[in-house]
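Please look through the structure shown here with its aromatic rings in mind.

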Amino acid sequence: IKRIAVLTSGGDSPGMNAAIRSVVRTCAYHDLECIGVYRGYEGLIEGDFKPMDARSVKGIINKGGTILKSARSKEFRTVEGRQKAYKKLVEAGIDGLVVIGGDGSFTGAMILNDEFDFPVMGIPGTIDNDIVGTTHTLGFDTALNTVVDAIDKIRDTASSHNRLFFIEVMGRDVGHIALNAGIAGGAEEILIPEEDLGLDRLVESLRRSRKSGKTSSIVIVAEGDKIGKNIFELKDFVDDNMEGYDVRVSVLGHMQRGGSPSCFDRVLASRMGVKAVESLLEGKSNYMVGLQNTKMELTPFDNAIKGKTKINLELLRVSDIMST
Ligand code: F6P
């Protein structure tokens with residue numbers, strides 16, 4: 001392997017720049033050329049490439065977003081699209097590809113490997129933490145800190161006005177952001193897709209806290225929650241069914257994907273970039289790098305994509321006890 005390309009794909013996450021920096025510098029360390037691909041698989045199809053040396057990634061370890069830009073490519077889902085991309089890779093003399101992204105991005109990389117036997121390696125970059133084979137995806141820790149900061153601020157105004165706030169957080173189909181940030185933010189209740197507690201339980205819990213003397217409350221709602229009502233319907237439901245609550249809704253949205261990466265995400269990104277490049281150098285392909293028991297490990301793409309992350313039941317219990 002002499003020339004490695006790197007791209008970021010799918011929803012961005014804090015730490016992607018730190019991972020690009022790590023891939024580029026690990027290549028430089030091993031005397032490999034590194035090529036940056038702009039706009040994910042879109043740029044791969046169009047040959048939107050730029051050589052990157054060690055100095056080209058200065059001053060980005062602390063920056064949110066991705067300097068290579070990101071996209072969700074429809075064309076890459078077609079055989080024709082992937083053929084175009086493969087042609088561009090071969091024309092540019094690239095013999096290995098590092099994909100930084102989530103499960104959709106890994107599916108693309110896996111198919112590229114299956115169809116053209118092209119060496120690929122994945123770095124899990126998503127705030128959702130929904131990928132098997134790593135305890136932490138890149139950006140999850142930063143997003144948690146962002147959400148906790150937002151909850152703290154909302155709590156200030158909730159408490160001044162004696163209000164109940166429903167706060168919606170991201171996470172797609174999983175509740176990792178909601179559960180962790182909810183505990184850290186001292187939420188009354190946390191609604192996650194993995195555990196449908198039901199409306200009765202929610203109402204009962206809110207009534208109980210009212211009785212126990214609480215004057216304001218925070219309920220965290222994961223965007224993929226399955227209680228059967230969206231966050232605005234939840235507000236209406238509480239308005240209609242419970243006396244004396246002044247209820248507000250706050251949807252945190254895409255601010256959760258931005259911002260300077262935390263120390264944890266910067267270190268994780270640096271480790272993942274080294275592992276990804278060195279694994280390609282060892283002749284490995286079709287794996288994702290991940291953090292397991294403090295070590296960098298490889299997981300076959302297939303397992304990473306098809307597996308379902310489990311919610312930590314201990315955290316659920318802690319959350320229950322804390323809202324007493
Ligand atoms: O996967 C990351 C994520 O931010 C999810 O939490 C969210 O559901 C989705 O992406 C939002 O996607 P978009 O940026 O296309 O609105």
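Phe-118 is buried, with a relative accessible area of 5%, where buried means under 20% relative accessible area, exposed over 50% and partly exposed in between, for a 1.4 Å probe and protein chains only. This is a predicted model, in which local features need pLDDT of at least 70 and side-chain atom pairs count only at pLDDT 80 or more, while totals for chains, interfaces and linings use all residues. Residues are numbered from 1 along each chain as its sequence is written, and side-chain values use heavy atoms, with hydrogens and water left out.

A search of the whole structure finds four aromatic pairs; rings of Phe, Tyr and Trp (its six-membered ring) pair if their centres lie within 6.5 Å, and planes under 30 degrees apart count as stacked, over 60 as edge-to-face and the rest as tilted. One of the pairs is stacked, namely Tyr-86 with Phe-116, at 4.3 Å centre to centre and 10° between the planes. This pair links distant parts of the chain, since Tyr-86 belongs to helix 3 (residues 79–91) and Phe-116 to helix 4 (residues 103–116), 30 residues apart; helices (H or I, at least four residues) and strands (E, at least two) are DSSP runs, numbered from the N terminus.

Tyr-86, which counts as partly exposed at 27% relative accessibility, also forms an edge-to-face pair with Phe-118, at 6.3 Å centre to centre and 85° between the planes.
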